[in-house]
Amino acid sequence: MSAGHHDVSYLAPKETLFKTVWSWVYTIDHKKIGVMYLCAVLAMFFLGGVFALLLRMELWEPTKTTVEGVTGTFLPTVNTADGQQITVNNMYNRMFSLHGTIMVFLFIIPSIPAALGNIFLPIMLGAKDVAFPRLNLMSWYTYVFGGVFALYSLIAGGVETGWTFYTPYSTTTNWGNVTSMVLAAFILGFSSIFTGMNFIVTVHKLRVPGMGWFDMPLFVWAVYATAIIQVLATPVLGITLLMVVFERLFHIGIFDPALGGDPVLFQHFFWFYSHPAVYIMILPGFGIISEILAVHCRKRLFGYRAIAFSSIAIAAISFLVWGHHMFTSETAVANVVFSALTFLVAIPTAIKVFNWVATMYKSSISWTTPMLYAAAFLFCFTIGGLTGPPLATLATDIHLHDTYFVVAHFHYVMMGGTVLAFVGGLHHWWPKFTGRMYNENWARLGCILVFIGFNVTFFTQFFMGTLGMPRRYATYVDEFTTWHQVSTVGSWILGIGFLIHLMVFLQSLVAGRKAGANPWGGLTFEWEAASPPIEHNFSHEPVMTHGPYDYDTALPPHCDPKDFPLPDPALVRRVHGAH
Amino acid sequence: MITQFSMLASEIGPQQKFWFRHNASTFGDTIDPIYFYIFWVSAFFFVLLMALMVYFGIVYRRKPGVAPQPSASHNTFLELSWSVIPTILMAVMFYWGFKGYIGTRIAPADAETIYVTGQKWFWTLEYPGGVTTKDNERIADVDVPVFAVPTDRPVNFIMTSTDVIHSFYMPAFRTKRDVFPNRYTNLWVKALDQPTHRVVGDTTKGFTVEQIDEKNKGYFLFCAEYCGDQHSQMGGRIIVVDGPSYQNWIQKQSDTSNIDLVTLGKLLWSAKGCNACHSIDGNKNTGPTWKGIWGETHEFQDGSKIKVDLNYIRESILEPAAHVRTGFSNQMVSYAGRVNEREIRSIATFIMSLNDAHTAEAQAEAEAELAEQKALKEAPAAPGTPGTPGTPGTPADGATAPKQ
Amino acid sequence: MSTVPAPTLDMDLPPHARHVPQAHWRNAKDEAEAAKLGMWLFLATEILLFSGFFCAYAVFRMMYPGNWHAASSYYLDWRIGFANTIVLLLSSFTVVLAIRGAQTNRNWMIVVNLAITNLCAIFFLVVKLGWEYWPKIQKGELPGANFDYGNAQGSHDHIFLSVYWISTATHGFHVLVGIFVITWAMIKAMNKHYGPKHYTSLENVGLYWHIVDVIWIFLFPLLYLV
Ligand code: HEA
Ligand code: HEA
Ligand code: CUA
Ligand SMILES: [Cu+2]
């Protein structure tokens, strides 16, 4: 890191190809690590998405038999080397298990924090890097290492346990390669812990002088709350998965009822992590939505403190509700307690949604792709969130548990929430970290297709769920055929939408217009840095002259006042009081 | 697609509503309204929020050169109301859901007990007196067992599993409960007084099951906890019958003495779940097919060669792991105690009939045996109870025949 | 070696006095505080990791109370556990003394105390392996399905042994890691990397070692003395 490079873009190639490659492979620059993470999680998203398309194809028809007794639908029947037959069902079971595990452990958990968070969290704090840059690099290689295990498992037979690895099925099945997939999830957990620790310390210790806790952008708050959950919940998953591995290798019997163990204990352990994990998935998405809304509506966020505190409240309460995944297996008393606590966690989320919509009031909305995504997020996530209460309500969950209603619920929050926020954030920050603009109209088209495709795919599943269609079904009774076919068609629209986004991004990288330092007129620190930022982010440490969302009083950096006119100061004083 | 839509409408007409399916138990009346309460609260907030979003999106879209109007960035009254009102609405959800749920958990004292066993990948229901179901129906390409539930009293299912976790799910009854190995869980229902079937006849002539409403074939039973390969085929058909029909149903299921061995074998093939792994059309599945194997000699994993005969079939049923065919891994657990000697014999005879070279022989044996049964029954001194009539030459307590 | 000679040139200073923070830190104080905060977070993850074992322990003890008691007193010798407890307590104390050595700028005190700590750790592992694990393996007192039912005290001994094995093995693994990091700190100390103003990594090693001890303090009574 010689002084001469300091003012060069972090993406600038080095003198030789080898040095350039080395500067990535052995980088401790948070932006490069973030970009590598970004490429990896996108690849994983597409892989998981291909599995999703395949499994939706398989569900086109209710049973194995197609026209005139020809057996085998979309997925083939295969004979393995040792003469075992992988049936159509088994293929399907592999599809959804791989889809679920890849999407959860390799895509969505690292997606926003490790990719966009890594790139932008330090910049938004005005810092040169995260607190522990080498730990950051280690987190990335741990992720790669875990990913290798997962891909090995995929090639060496896959898994067919579902992403939840429920015992005793997962410890007794001899299909596929469960052990290495469980190990992969175990290793990926460490990667997540490292990232979380790093971010917590960064937020505590690397804020620019003068930046108080309530001067932080809300994305930082959200990632901070996420990091707390990552650090506190993931170790429990680690130990649980380790016990599953031991169970498979040495039959230790802790989770195996045949040896006097307790399979429900596994479920408790698993959900003690995996419920907080769903907030690991969504909180960073909340953060992105707050940023997008503020910038593209040119508006101070309504209820900044409420949004910030609700992130922390969600993180705290999320540890107390795991039992709501087990209403059909636990005792009545435990269920009642968990049901009540689950409703508590919905309240801070509700507060956020209201605040976001209120932010749009009297704002100046520019309908760019990020803003379209924010609106799509508000639509889909609200549906996803609102279908949480019927699952948290005891009487109704008994009917809805393990049906497509749950499948629809979690896709509406994960896909309709996190993924939409992620893709929106990607467009929002794309000019910043690549230095190039993308094609706005094509991106808008992609967004609209994704939005339509998504709702067609998953809204149908709410009906199926209430009608009683169980999940993880390779075959089903005829009466659901139409619903399933509509859903499958939706997944194609979704696929085309993402394909368009992919093209837009590639086009932008190759031939995109150069981006200015602040194309949207944002006020947070990342818009003060160059596009793309230089190696140490800023040539001079930035100074706090305004809050992150003071759009009524502050002119965005690098911007022409004509493009971003400020309201009459007298009016502003009347509304906000003297500043 | 259009034909399918109309099919959907005609076939399901009385079965499905838009959201929930036709309700068959007393739980529906408490649970469905809770759902719709949540639904309408949610719809209200959703529409409100989306309407505002779209309205703001249009009215406040950016106009070049025009500054936004400043507006307050918080408002205590608004913020309090959108915290407190949802909280109150959700408290109602919780309380109502809790009350509805507690009602579904405690079984009434007069409930009829039915024992349920889940096993990869089929259900067995044991009615009072140790009677299990033999009827089956073809749904979605698999033969699933048919179970009856009476309308005149509640039923308490006491459930366990022999291998992994399953979940007993009856959507029309709005209830489900996980089924664990090495542990009992229970679930109760009270069917509404709307029988779907009636069972008529008597012990000598035999019983027949009649569907009452031509559109209502009965209700689905699903396995709702992922349990492996054929999780999606681990279903059943639940029919609802009135009190007298229920007694007839039990009689019908208990009495197999007037069914010949080949037919009984075929019934058991699906009723006991053999069909989950063994095909009878020659297709390879989790286990070896039954077609054409009788009398053949096979190679086994331990290197031995064995001819398929009554002894071998018997061993495979009672001690499946003893000899495993090459090319397969043993996924089966012992059926000792769950089939009696006549049933074993019937399965063997059925397998015999599946080899074209032995079909005639099997038929002859089955007829002869049926005649024997008849004779036994007509002789007043015969001790046999229905279901375990003690074939000559085998011990009467065949079900627990000693190993080896 | 008890006093540092008065420095004339920068290069004459011992390494600890020449420390400059990494480029992204605003000052050395922030860097040190960050390292400590990071360590505390790490300790939190450790506690949660072991809390998984403690929960499993509690559940099975509730499920099989009588068997649990019998298995504990039959399979585990409290004297071995007690000896190990004493050794670990002692080592915790020596780690504190090592840090004291850094604060008071007595390098020999750091090195000697770390060496004693490491000896204690090795003693602990040798006792664990030689007097507990090895005889147990020979007698077939193994977890779960590998358990040899020859001398069973009840029907669920193997579950007790599973909990015993995985929790003590995981703890033992932590002791092993401890030996490595203590050695690392010792090497740094020998190269005079620690001084009154700069001993954060030594402190962190100490914190790690304390948590390893504390976990043992919980494991010992739960497993050996029930
Ligand atoms: C991003 C991930 C994410 C998020 C954010 C959520 C959010 C919520 N989830 Fe979800 N959930 C999952 C991911 C997520 N979930 C996954 C992956 C599963 C299944 C795992 C598996 O089995 O494979 C699952 C399953 C699941 C279950 C278990 C279902 C079952 O298996 O039977 C339950 C039950 O309580 C539940 C509840 C909730 C609730 C109450 C919320 C709340 O946080 C939602 C709060 C939001 C709102 C309520 C909307 C906004 C509010 C308003 C507009 C105000 C007005 C509202 C009211 C008056 C109600 N979820
Ligand atoms: C982040 C989480 C995430 C995401 C984003 C998705 C995305 C999708 N999921 Fe996934 N899903 C899960 C997490 C997720 N899922 C989990 C955890 C489960 C439970 C698993 C279990 O039960 O164990 C599950 C289960 C699940 C099921 C239920 C299976 C069953 O229970 O039997 C279904 C069925 O429809 C489904 C469908 C889809 C579809 C169509 C998408 C789509 O949104 C995918 C969109 C992506 C693409 C389409 C790929 C990108 C585009 C291309 C590759 C271009 C090429 C395209 C064309 C040529 C058209 N998922
Ligand atoms: Cu049995 Cu699923
Ligand atoms: Cu949850």
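Contact means heavy atoms within 4.5 Å. The legends below use the term throughout.

**About the model.** This is a predicted model, in which local features need pLDDT of at least 70, side-chain atom pairs count only at pLDDT 80 or more, and totals for chains, interfaces and linings use all residues. Residues are numbered from 1 along each chain as its sequence is written, chains are lettered from A and ligands numbered from 1 in the order in which they are written, and side-chain values use heavy atoms, with hydrogens and water left out. The scores are ipTM 0.90 and pTM 0.87.

**View 1. Chain A as a whole.** Chain A holds 17 helices and 2 strands; helices (H or I, at least four residues) and strands (E, at least two) are DSSP runs, numbered from the N terminus. Its radius of gyration is 24 Å, close to the 25 Å that the globule rule gives for 579 residues, so chain A is as compact as a globular protein of that length. The radius is taken over C-alpha atoms, and the globule rule is 2.2 Å times the number of residues to the power 0.38. Along the principal axes, the C-alpha atoms of chain A fill a box of roughly 75 × 55 × 50 Å. Of the 579 residues in chain A, 70% are buried. Buried means under 20% relative accessible area, exposed over 50%, partly exposed in between (1.4 Å probe, protein chains only). Among contacts in chain A with a separation of 6 or more, 80% join residues 24 or more positions apart.

**View 2. Asn118(A) in its helix.** Asn118(A) sits in helix 3 (residues 88-124) of chain A. Asn118(A) is buried, at a relative accessible area of 0%.

**View 3. Ser366(A), a loop residue touching chain B.** Ser366(A) lies in the loop between helix 10 (332-359) and helix 11 (369-386) of chain A. Ser366(A) counts as buried, at 18% relative accessibility. Leaving aside neighbours within four places in sequence, Ser366(A) is in contact with His296(A) and Met371(A), and with Arg62(B) of chain B.

**View 4. Chain B as a whole.** Chain B has 8 helices and 15 strands. Of its 404 residues, 53% count as buried. Among contacts in chain B with a separation of 6 or more, 64% join residues 24 or more positions apart. Chain B exposes about 17800 Å², and carbon and sulfur atoms supply 60% of that area. Accessible areas come from the Shrake-Rupley method with a 1.4 Å probe; for residues, only the protein chains shown count as cover.

View 5. Leu268(B) belongs to helix 5 (residues 261-271) of chain B. Leu268(B) is buried, with a relative accessible area of 0%. Glu343(B) is 75 residues away along the chain, yet the two C-alpha atoms are separated by 7.7 Å. Glu343(B) is one of the residues that Leu268(B) touches. Others include Lys134(B), Cys274(B) and Ile347(B).

**View 6. Confidence along chain B.** Chain B averages a pLDDT of 81, and 88% of the residues score at least 70. pLDDT is the predictor's confidence in each residue, from 0 to 100. Among the elements of chain B, strand 7 (residues 166-170) has the highest mean pLDDT (94) and helix 1 (residues 2-12) the lowest (39). pLDDT stays under 50 over residues 1-14 of chain B and over residues 381-404 of chain B. Where pLDDT is low, the predicted coordinates should not be read in detail.
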